[in-house]
Amino acid sequence: MTTPGPSDRPERGTERQNWIERRREKIRAEVDRNRRGDYTVPTWVLALALALIVGGWLALIFLA
């Protein structure tokens, strides 16, 4: 039985660099989608907007 040595594991710097490259690629893809107009508004933003509208409407009714 052999124990894992340094040559069996990926380099920490290489692993981090790969993570950075994947992150940059995801950001580039999102920017490209947004430029094409394929963006979507997150659900939590829509829910917050609805809550603010309903809250404002209720405030007008009860505080007027």
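I looked up Val54 first: its relative accessible area is 38%, so Val54 counts as partly exposed (buried is under 20%, exposed over 50%, partly exposed in between; 1.4 Å probe, protein chains only). Val54 sits in helix H2, residues 43–63. Helices here are DSSP runs of H or I with at least four residues, strands are runs of E with at least two, and numbering starts from the N terminus.

I note that this is a predicted model, where local features need pLDDT of at least 70, side-chain atom pairs need 80 or more, and totals for chains, interfaces and linings use all residues. Residues are numbered from 1 along each chain as its sequence is written, and side-chain values use heavy atoms, without hydrogens and water.

**Whole chain.** I counted the secondary structure: two helices and zero strands. Of the 64 residues, 2% count as buried. The chain exposes about 6,500 Å², and carbon and sulfur atoms supply 61% of that area (Shrake-Rupley method, 1.4 Å probe; for residues, only the protein chains shown count as cover).

**Patch.** Which residues form the nonpolar patch on the surface? I found Leu50, Val54, Trp57, Leu58, Ile61, Phe62 and Leu63, with about 780 Å² of accessible area together. Patch members have over 30% relative accessible area and no salt bridge; nonpolar side chains (Val, Leu, Ile, Met, Phe, Trp, Tyr) are joined within 5 Å, like charges within 9 Å.

**Helix H1.** I checked the length of H1, residues 12–36. Its 25 residues should span 36 Å at 1.5 Å a residue, and the end C-alpha atoms are 37 Å apart, which agrees. The expected span is 1.5 Å times one less than the number of residues. Gly37 follows H1, with a positive phi near 90°.

**Salt bridges.** How many salt bridges does the structure hold? I found two, taking a side-chain nitrogen of Lys or Arg within 4 Å of a carboxyl oxygen of Asp or Glu.

- Glu21 meets Arg24 at 3.5 Å, N to O. Both lie in H1, three residues apart, about one turn of the helix. Glu21 is partly exposed at 39%, and Arg24 is partly exposed at 44%.
- Arg28 meets Glu25 at 3.6 Å, N to O. This pair also lies in H1, three residues apart. Arg28 is partly exposed at 44%, and Glu25 is partly exposed at 46%.
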